[in-house]
There are 2 protein chains.
Amino acid sequence: MTKPVMLTEPAFCPHSLNKYASLMTLGNGYMGIRASHEEAYTLQTRGMYLAGLYHRAGKGEINELVNLPDVVGVEIALNGEIFSLTSGVIERWHRELDFASGELRRTLVWRAPGGARFAIESRRFVSAQKLPLFAMEVAVTPLDGDASIGISTGIDATITNHGRQHLDETQVRVFGQHLLQGIYTTQDNRNDIAIATFCDVDGAAQRCFTAKERRLLQHNSVQAKTGQRVTLTKISWIDWASERSLSLETWARQSLRNLEACARQGYDALLAESTANWHAWWQSRRVQVTSNDMSDQRALDYALYHLRVMTPDHDERSSIAAKGLTGEGYKGHVFWDTEVFLLPFHLFTEPKTARSLLRYRWHNLSGAREKARRNGWQGALFPWESARSGEEETPEFAAINIRTGLRQKVASAQAEHHLVADIAWAVINYWHATGDMNFMSREGITLLLETAKFWISRAVMVNDRLEIHNVIGPDEYTEHVNNNAFTNYMAWYNVEQALGFARRLGFSDETFIHRAEHFLRHLWRPEALSDGVLPQDDTFLSKPVIDLSSYKAKAGKQTILLDYSRAEVNEMQILKQADVVMLTYMLPEQFNPQTCLANLRFYEPRTIHDSSLSKAIHGIVAARCGDSEQGYRFWREGSLIDLGDDPHSCDDGIHAAATGAIWLGAIQGFAGVNVRHGELHLAPALPDHWQTLSFPLCWQGVDMQVTINKAEIRISSTERITLWVNGEKIAVQGASAITYDGIITSIYGTATTKRDDE
Amino acid sequence: MTKPVMLTEPAFCPHSLNKYASLMTLGNGYMGIRASHEEAYTLQTRGMYLAGLYHRAGKGEINELVNLPDVVGVEIALNGEIFSLTSGVIERWHRELDFASGELRRTLVWRAPGGARFAIESRRFVSAQKLPLFAMEVAVTPLDGDASIGISTGIDATITNHGRQHLDETQVRVFGQHLLQGIYTTQDNRNDIAIATFCDVDGAAQRCFTAKERRLLQHNSVQAKTGQRVTLTKISWIDWASERSLSLETWARQSLRNLEACARQGYDALLAESTANWHAWWQSRRVQVTSNDMSDQRALDYALYHLRVMTPDHDERSSIAAKGLTGEGYKGHVFWDTEVFLLPFHLFTEPKTARSLLRYRWHNLSGAREKARRNGWQGALFPWESARSGEEETPEFAAINIRTGLRQKVASAQAEHHLVADIAWAVINYWHATGDMNFMSREGITLLLETAKFWISRAVMVNDRLEIHNVIGPDEYTEHVNNNAFTNYMAWYNVEQALGFARRLGFSDETFIHRAEHFLRHLWRPEALSDGVLPQDDTFLSKPVIDLSSYKAKAGKQTILLDYSRAEVNEMQILKQADVVMLTYMLPEQFNPQTCLANLRFYEPRTIHDSSLSKAIHGIVAARCGDSEQGYRFWREGSLIDLGDDPHSCDDGIHAAATGAIWLGAIQGFAGVNVRHGELHLAPALPDHWQTLSFPLCWQGVDMQVTINKAEIRISSTERITLWVNGEKIAVQGASAITYDGIITSIYGTATTKRDDE
């Protein structure tokens, strides 16, 4: 494996502060720390979040991911003037996030308005090895003369979620000359957060502490000689207890002891152990491409880096939010993005993590059952937006219409029910990829049955067929329709799989079996028309078509809503994102290539791609349909959703699903990995730009490495594994090469077609 | 009357942003709006406060003056770059607060980093005529070429009190093209605040609105030609309802109608009516000096300006906070500063306002009675820190000791009881100055009796005399002492005056009369020693003396506490502020000049003046003792507490009492105005620097104008008035001149000595 690349920020620009603060977020699944600069800027949003730490700030407010007191900020005074890049001149600049180690580094030379130059270097990382650990170093060197350097830092609890305060300040303390600790409690009294930080400035002549107005600070001043490098080392330990068994005091003291042990290790040793952890992680996950365009590899490394830092695999009571832990968009809530866009990466590289994500839903079944019951249905209706409790977090009303003063009901939580089948779909995928019967016989079957029961109760009999009315499919520009194809097919699949598992596990609830069979017999699944087009719903095809080119050119900006009301958009053939195309992606075995292509060709021109979830899926389906060039265009565009030129592409957090989609596009698109009837298929179709594509893949407990080039597919596996390559069933062990015309060569070990084998 | 002067900010300096934001606060007693700049700075604290609007933000928090959503902020983008004075070059700068009109103006020319220059002019005022009205104008002119100008402004509810959020966002609305309204509710649900704002940018080509993350904004963009002045007019109306009789909707609509009416009037007409109001106000209050130092007049105009804007004379449920409405220091709480330092100005210029301030205490008697009862005493023990309810707002514990983790009990609320007598003292002053028997027979006598009863219950009999134990006098560096002279004398005076009024009003509570007589007979009042020195308390004189010169050189900074613990300071002859000297100021008739001088000479060297309340009182006492030069030095130093060079002199709000003290120093010091046995005395002693001192004075309902120079004292009064001038009792009507050797000349009307008269 070559080393993962760097993400660099080309220049300091006040307009893109928050974009890069999101893109370069440090984290480890437990916590995420936005890459705000040490120095403050008026437009810069700082952020530190713990996965699963949600709180409601007041009446009428929404439960949201709590923005914690800040430890990143450092006020640097150089000869009495506060350092800020909005003044003076930046004479050198380099900032990079090293995906290999998770270290963020900045080095710059700054000419102060007074003329004297200073070198400012900083680096920081969130430990991959010790979840609560965050370490940083800031070094200041006067280049043109002796200088007085003031460095103030500590814990700043004036931070809010855009003005909403979640935390009471329970205690602030200073120990010795270097240790500061603040304990904060959510205002509902349910969570304590202990933030301890060790701060040391070498050569500090004067040091004092202040605790005022929610800021606990250490102030240092140094008289530095020309060329003298003055370094702040700051090591922080962020603990969270939602149900403490220890007294506050004991718990806080433990936290402090942990910090002290880290401080003794020092920045470099802590970084080394974290880098080693990252190295091992990349070994079994990195996707490598040889591409005409270097940025393709960057996109993949970026995606995988974030797929790690956003995922709380330490805690199955948490799942992945739509912005990961990089910002406050969507209030930090969990959507179907997790199961459909993010879980597959984990499933094919570290299935334990996928299991943990599914157990998150399982733990939260009671909220889902309650939501179904409250709406008159059975089984489990998972919340559209989910936080820690599993209750529906979608606000009943959307943001107020500032024109009418009226609040609009949020339709998604009411009708975007496909999420239920998407979770079941992920359970089935998990089963196929792992064969984990332990899970299936407990959590898996429960999730399948409860979701199936929901659909059975949800359908209505109309003219001798069961229909599903008043839903919203993935395409949110078409609301409250009957028989959305995506929903009906996924519901059918959900019930079918549940029934299959119920039988396999000897589940003897005859009523369920009978009702499921009845459902499967009678549920209407929209049929393809003669041209192969599957109607998106009962009325879609009868709506007028308009020219969407200008809106497609600004995909993601929802500019159509400037010209048309939502109600008007609803009455035209306009898709926000893949819907039928999404369905052909989800259930590849159910649609032949002609149908896939017909629907791609029909629906794509009608799709604005205003959702970040859209292009990647189109890219995969295009690649699967043999058009890997169109697939590549979509994949590229999808990979630029956050990484592109827009300085505000991801101010309030990256599009987490888009990182999953970058992986999906490469693996399920260009490598053609897919699962049909429970079996693994590979059908590579590299785009012209790519010469090789190499990635690890975990299937049924076996770790493979797959390397694809224009001539052949190489598969190496320590254990024997059976899979389909380009329609040919083969079994490999060791290293094998398969050419596109079906010739299999064993480099070492064995490789046989199933014909040979049987 | 000449026109009040300007306060100018000499240059833009990031370090003194908050000092000038406090000094130049706009207000009208109903609201105060800090003079933050339109553009944002990281260190700039914005603030808008309504007198009496307090709220507690969470458990363990203190009830505090709520910092309201901001309407001052304007983001100006010039050719896409956000305007900020930390970048580019300031080529011209002028900023001034016009005390005559209450208008704050800034004009500057800014060279953007790209090289193009822009003129930026802004002006604003809080209406003296319409309490909820705040108007501003911002004009941008590109000087060196056509430019695109973006102007975004509205209502920003992300504002907190240093991270503490008090308000829920109840509703945000936009009406038409110019009106925005946000309704906010304190989290305890008791107060609604409606902020409506009219925003218009002339020539705006594009205008849109956003409501996101507690910000309701109007965004304008203009393509401006070179030299084209693009002006934002923004008029805001800030309403507060604590017990609404109207529905929220009706109330909010009314608020909007008021704003619309103002918007129709326009900035200039609104300013004209406010300026007229200010003009009339200054007419009957302005103190004019001819001084060698121009800044003396500035200090006086500054003081009076703030004495107006801090005083909620529209609402007797509110009083004046220690920082007025200029910042969040002391959480916006009311102390004894109000009655002793601030009320006299009002009493001698607009007694109705003094009455309103006393009625604030009267309304809050139940909290004071409750506090006394809870502590085992009778009568009324007013809270040391007071907000709207009249309950004790002093936190039980002070800020945590960050070293020990322990919280220290706040001693002031437990023992700084002289406040009770100070309030009674103010009641008696009010009576003397107004003869308002209506007030005295109801509120006045109640306040006197309740405070007297407190003292009677508070004293303990020791060896046949009543003593008052365990108090803190005004000198807070000497805690928990017995028989603090200030306290005992003031308590005696309190009871004596209460008894006198009880008798005069035929009050027949024999028990009280008997107990009061007993108290007056037996209360120990420390006696002057042979050298005239009055012991500050039972033990003070036995404590060691140390050299305080280095601490006195840094008066106000409390540097002594860096070298000594509070407990150690307590055991030395160290005063934070005037104590016995303060007593001679408070009760001038009880101490002969020799005693005053002896105590000034003894105590001043032992006083660090770490309280802003100290120097002014020393100045007055020095002037009264005939040393007007020392008096002038103290007065000058006192006047520089906020106006001096320290860039952080008043970041969290001005020292309100110090503004009162500037007036007191001039009027009670150099003009020698004082009241003895209920009669008005004048004994001028102008410092060498001053040639004339002229001021209006209201006494017993008669408005006088007094003008003092080195040769004579001129008094003009439309009605006949009796007073003592330099020890001579005279009666004047019309305009009279009195020389320092007692020759009285009537310029018109009559002037007689009482001897002639009788």
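A salt bridge is counted here where a side-chain nitrogen of Lys or Arg lies within 4 Å of a carboxyl oxygen of Asp or Glu. In this predicted model, Lys323(A) and Asp652(A) form such a pair, with their closest N and O atoms 3.8 Å apart. Lys323(A) sits in the loop between helix 4 (294-309) and helix 5 (337-347) of chain A, while Asp652(A) belongs to the loop between helix 19 (628-643) and helix 20 (656-670) of chain A, so the pair ties together parts that are 329 residues apart in sequence. Over all chains, a search of the whole structure finds 104 salt bridges.

**Interface of chain A and chain B**

- In the contact between the two chains, 48 residues of chain A take part together with 49 residues of chain B.
- The area that chain A and chain B bury between them is about 3700 Å², and 45% of it falls on carbon and sulfur atoms.
- The rule finds 6 salt bridges across this interface, and the side chains of Lys331(A) and Glu213(B) meet in a salt bridge with an N to O distance of 3.5 Å.

**Helix packing in chain A: helices 18 and 20**

- The axes of helix 18 (residues 614-624) of chain A and helix 20 of chain A come within 8 Å and cross at roughly 10°, and that angle makes the two helices roughly parallel, because angles under 35 degrees count as such.
- From helix 18 of chain A, Ala616(A), Ile620(A), Ala623(A) and Arg624(A) meet a set of residues in helix 20 of chain A that consists of Ala661(A), Leu664(A), Gly665(A), Gln668(A), Gly669(A) and Phe670(A).
- Sorted by class, the residues of this contact comprise 6 nonpolar, 3 polar and 1 charged.

**Helix packing in chain A: helices 10 and 12**

- Helix 10 (residues 437-458) of chain A and helix 12 (residues 510-522) of chain A have axes that come within 10 Å and cross at roughly 55°, which makes helix 10 of chain A oblique to helix 12 of chain A.
- The crossing of these two helices is left-handed.
- Leu449(A), Ala452(A), Lys453(A), Trp455(A), Ile456(A) and Ser457(A) of helix 10 of chain A meet Phe512(A), Arg515(A), Ala516(A) and Phe519(A) of helix 12 of chain A, and by class the residues of the contact divide into 7 nonpolar, 1 polar and 2 charged.

**Helix packing in chain B: helices 9 and 11**

- In chain B, the axes of helix 9 (residues 418-434) and helix 11 (residues 485-504) come within 9 Å and cross at roughly 45°, and the two helices are therefore oblique to each other.
- The crossing of helix 9 of chain B and helix 11 of chain B is left-handed.
- Residues that make the contact include Trp425(B), Ile428(B) and Trp431(B) from helix 9 of chain B, and Phe486(B), Met490(B), Tyr493(B) and Phe501(B) from helix 11 of chain B.
- Also in the contact are Asp422(B) of helix 9 of chain B and Arg504(B) of helix 11 of chain B, and the class count for the whole contact is 11 nonpolar, 5 polar and 2 charged residues.

Definitions and conventions. Residues numbered from 1 in each chain as written. Chains lettered and ligands numbered in written order. Predicted model: local features only at pLDDT ≥ 70, side-chain atom pairs only at ≥ 80, totals over all residues. Heavy atoms only, no water. Axes fitted to C-alpha atoms, helices over the stretch in contact; angles between N-to-C directions. Helix = DSSP H or I, 4+ residues; strand = E, 2+ residues; numbered from the N terminus. Parallel < 35°, antiparallel > 145°, perpendicular 65-115°, else oblique. Left-handed = near helix turned anticlockwise from the far one by under 90°. Contact = heavy atoms within 4.5 Å. Nonpolar A, V, L, I, M, F, W, Y, C, P; charged D, E, K, R; others polar. Buried area = accessible area lost by both parts, 1.4 Å probe.
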